[in-house]
Amino acid sequence: MALWLTRSRTVVLQSLKQKHAFWAAATPLRSSSSSTVPFPCNSSSSSSSSSPNLIWVNGRFKSTLAMNQLDSLPFSDSDDEQALDFPGGKVTYTSEMTFIPESQEKRVPCYRVLDDNGDLLIGSHLHQMSKEVARKIYNNMVTLQVMDTIFYEAQRQGRLSFYLTSSGEEAINIASAAALTPDDVILAQYREPGVLLWRGFTLQEFTDQLYGNKGDYGKGRQMAIHYGSKKLNYVTISSPLATQLPQAVGIAYSLKMDKKDACAVAYTGDGATSEGDFHAGLNFAAVFEAPVVFICRNNGWAISTNISEQFRSDGIVVKGQAYGIRSIRVDGNDALAVYNAISAAREMAITEQRPILVEALTYRVGHHSTSDDSTKYRPLEEIEYWKTTRNPVNRFRNWIERNGWWSDKEETELRSSIKKQVMHTIQVGEKTEKPPVADLFSDVYDVTPSNLREQEKQLREDMIKYPQDYPSDVPL
Ligand SMILES: Cc1ncc(C[n+]2csc(CCOP(=O)(O)OP(=O)(O)O)c2C)c(N)n1
Ligand SMILES: [Mg+2]
């Protein structure tokens, strides 16, 4: 209340001051003896004419009393000396009516360490990365590439229902995962299987999920690519976009309450930032000072929607500041830059107990999924440029090769070995039985309700009566 009273008084004083300044400049006051006139347009008589507090200025009466009061007010020449004491800090006043521009003149710069050829940029501040970590990062990026190629082809051959590659985004996947610890809880969107790979999810575990067989932790009830692992602190993917963001804040808040040396890490695409959950998540995180790192993969496209149609801001990074969140923009195709930025973001999130937003600029080189043909809405040259010139895997390979940490021979052996391993998991995955029919009705209710029991009975009867209409590898 006191605050609002202070505010009202300040506003009144300010407006009086402005009027006073206007009058003084535009209408020099005449002395009251010469300027007082009878009531409007009548020089003969007026009750007002006797008023000592009214003067006639430019066809109107003005109050000399008010003017005198204004003169005695303690106005200073500078607006800045006056401030509104408002929650969050003092707000200075200005008499200039200026709208904040829709964007800054200069776009937020993009942090990088390596140039497109994998050469270290002069002046780059590089966190120490051991040969062992660098080789593991590269090994995982190649594994992700090979896995993507084979699973994509398997879907084209009709062996899998659905697939989606991370092509072009290998550095964000693997280098961000490398900067975290196993206790950090991951809430991914869907184009981040590399984080799971880094944590030790086996090729067979990936394949079993894709085939929805008995080895799948989701018991075949989720769409392909909706991986998850309780053991590896990787929350199962949800199809509805951005739901993972407020969930991540809740998890981060719980880590905070338990005083854990860990944070939550939520990945999102550029398109998903248009969901309300993105904004709710960021705001909650800021207000609750939750140790969460938001990583936005800005890959230019949300299926066929280009980012120019998705938002008019300078990307995602500026949205962090709007919510009071420290943020950085990083080259998502530079594994070293991603590694450095996420290491620093994690450190700040935990030690300072605050959210951090990282926008990684990259490109979705593949189609959105096996249900999409991106050549229908974007030029081939654009895809080619990102696939070759800005390729994150080649760029990192060049760097480790120059360090003497990698060779052509190792490259050939690695690619061929992973190819064999993935092919083997497919053979196993195809032969593995599907989960039993009973699994379709379990895990939701403690005691299965009568309507579900009835549906299960009907399904079993139908499967016996019309076996040709059902897959032969689903046990009754
Ligand atoms: C709430 C919701 N709306 C729409 C969709 C359909 N959908 C699935 S993926 C996708 C594009 C998301 O793009 P982006 O977040 O940029 O991620 P990217 O695919 O580029 O990695 C859309 C619109 C959905 N799954 N959920
Ligand atoms: Mg996108």
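Helices (H or I, at least four residues) and strands (E, at least two) are DSSP runs, numbered from the N terminus. The views below show a predicted model, in which local features need pLDDT of at least 70, side-chain atom pairs count only at pLDDT 80 or more, and totals for chains, interfaces and linings use all residues. Residues are numbered from 1 along each chain as its sequence is written, while chains are lettered from A and ligands numbered from 1 in the order in which they are written.

**View 1. R199 in helix 6.** Helix 6 covers residues 193–199 and contains R199. With 17 other C-beta atoms within 10 Å, R199 is partly exposed. That term lies between buried (20 or more other C-beta atoms within 10 Å of the residue's own) and exposed (12 or fewer), with C-beta atoms placed from the backbone. Apart from its neighbours within four places in sequence, R199 is in contact with A177, P182, L232 and Y234; contact means that the C-beta atoms of two residues, placed from the backbone, lie within 7 Å. P182 is 17 residues from R199 along the chain, and their C-alpha atoms are separated by 7.1 Å.

**View 2. N233 in a loop.** N233 sits between helix 7 (203–211) and strand 6 (234–235). Although N233 is not a glycine, its phi is positive, at about 60°. N233 counts as buried because it has 20 C-beta neighbours inside 10 Å.

**View 3. D443 in a loop.** The loop holding D443 runs between helix 15 and helix 16 (450–465). D443 also is not a glycine, and has a positive phi of about 75°. D443 has 10 other C-beta atoms within 10 Å, so D443 is exposed.

**View 4. The packing of helix 4 and helix 15.** Helix 4 (residues 131–156) packs with helix 15 (residues 408–431) at an angle of about 45°, and their axes are 9 Å apart. Axes are lines fitted to C-alpha atoms, for helices over the stretch in contact, and angles run from 0 to 180 degrees between N-to-C directions. The two helices are therefore oblique to each other, a term for angles that are not under 35 degrees (roughly parallel), over 145 (roughly antiparallel) or 65 to 115 (roughly perpendicular). Residues making the contact include N139, V142 and T143 of helix 4 and L414, R415 and I418 of helix 15.

**View 5. The surroundings of ligand 1.** Ligand 1 is surrounded by 16 residues, of which L241, G269, G271, A272 and A302 are the closest.

Notes: A residue is near a molecule or strand if its C-beta atom, placed from the backbone, lies within 6 Å of it.
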